[in-house]
Amino acid sequence: MSISERGFNAVAAASPKKRDAPFSLHLSFEEKTALKNMAAGEPLGAYIKAVLFDEARTGVRRSKTPACDGQAVGRALGELGKSRLSQNLNQLARAVNMGALPVTPETEAEIQDACRAVKDMRDALMDALKDGGAP
């Protein structure tokens with residue numbers, strides 16, 4: 001029995017396609033930037049379809065990345081630097097490690113944890129400021 005006798009070709013030809021092939025559109029850098037601005041965070045495909053087919057744009061999905069207020073993050077980073085908190089914690093940790101500050105192992109661990117927390121805050125603020133604070 002051959003494949004054609006089993007009707008394989010007819011069955012394969014009759015099965016519906018799940019999706020049409022994607023449509024490609026070439027835009028200049030300026031055109032794409034303008035389109036992104038018009039979409040205001042909505043996925044470009046959804047925005048283009050809504051505009052082309054005059055669909056209501058309810059339930060607009062925004063970017064998953066929260067907006068970053070670069071000036072506020074910068075001020076927070078500046079205040080953290082002015083407070084000298086990280087330097088003071090580092091001095092305490094050095095005194096503990098040299099034995100000049102008698103503390104228990106638990107206190108030493110808490111000081112080390114505080115130093116790491118300050119560094120983590122600084123790193124998080126610096127990451128938020130990357131690319132001028134843009135999401």
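Is Ala40 buried, partly exposed or exposed? Ala40 has 41% relative accessibility, so Ala40 counts as partly exposed. Buried means under 20% relative accessible area, exposed means over 50%, and partly exposed lies in between (1.4 Å probe, protein chains only).

This is a predicted model: local features need pLDDT of at least 70, side-chain atom pairs count only at pLDDT 80 or more, and totals for chains, interfaces and linings use all residues. Residues are numbered from 1 along each chain as its sequence is written, and side-chain values use heavy atoms, with hydrogens and water left out.

**Overall make-up**

The protein has 6 helices and 0 strands. Along the sequence the pattern reads α-α-α-α-α-α. Helices (H or I, at least four residues) and strands (E, at least two) are DSSP runs, numbered from the N terminus. Of the 135 residues, 13% are buried. Take the contacts with a separation of 6 or more: 42% of them join residues 24 or more positions apart. Contact means heavy atoms within 4.5 Å.

**Helix pairs**

Two packed helices are described by the angle between their axes and the distance between the axes. Axes are lines fitted to C-alpha atoms, for helices over the stretch in contact, and angles run from 0 to 180 degrees between N-to-C directions.

| Pair | Axis angle | Axis distance |
|---|---|---|
| α2 and α3 | roughly 80° | within 10 Å |
| α4 and α6 | about 150° | 9 Å |
| α5 and α6 | roughly 150° | within 9 Å |

Angles under 35 degrees count as roughly parallel, over 145 as roughly antiparallel, 65 to 115 as roughly perpendicular and the rest as oblique.

**α2 and α3**

Helix α2 spans residues 29-39 and helix α3 spans residues 44-52. The two are therefore roughly perpendicular to each other. Lys32, Leu35, Lys36, Met38 and Ala39 of α2 touch Leu44, Tyr47 and Ile48 of α3. This contact has 6 nonpolar, no polar and 2 charged residues. Ala, Val, Leu, Ile, Met, Phe, Trp, Tyr, Cys and Pro count as nonpolar, Asp, Glu, Lys and Arg as charged, and the others, Gly among them, as polar.

Ala40 sits in the loop between α2 and α3. Its phi is near 50°, a positive value in a residue other than glycine. Most residues other than glycine have a negative phi.

**α6 and its partners**

α4 and α6 are roughly antiparallel to each other, and their crossing is left-handed. A crossing is left-handed if the near helix is turned anticlockwise from the far one by less than a right angle, and right-handed if clockwise. On the α4 side, the contact residues include Val73, Leu77 and Leu80; on the α6 side, they include Val118, Met121 and Leu125. By class, this contact has 10 nonpolar, 2 polar and 1 charged residues.

α5 and α6 are also roughly antiparallel to each other, with a left-handed crossing. Among the residues in contact are Leu89, Ala93 and Val96 of α5 and Ile111, Cys115 and Val118 of α6. The classes here are 9 nonpolar, 4 polar and 1 charged.

**The core**

Which residues form the largest nonpolar core? It has 10 residues: Val73, Leu77, Leu80, Leu89, Ala93, Val96, Ile111, Cys115, Val118 and Leu125. A nonpolar core is a set of buried Ala, Val, Leu, Ile, Met, Phe, Trp, Tyr and Cys residues joined through side-chain atoms within 4.5 Å. α4 (70-82), α5 (85-98) and α6 (105-129) each give two or more residues to this core. The largest share, 4 residues, comes from α6.
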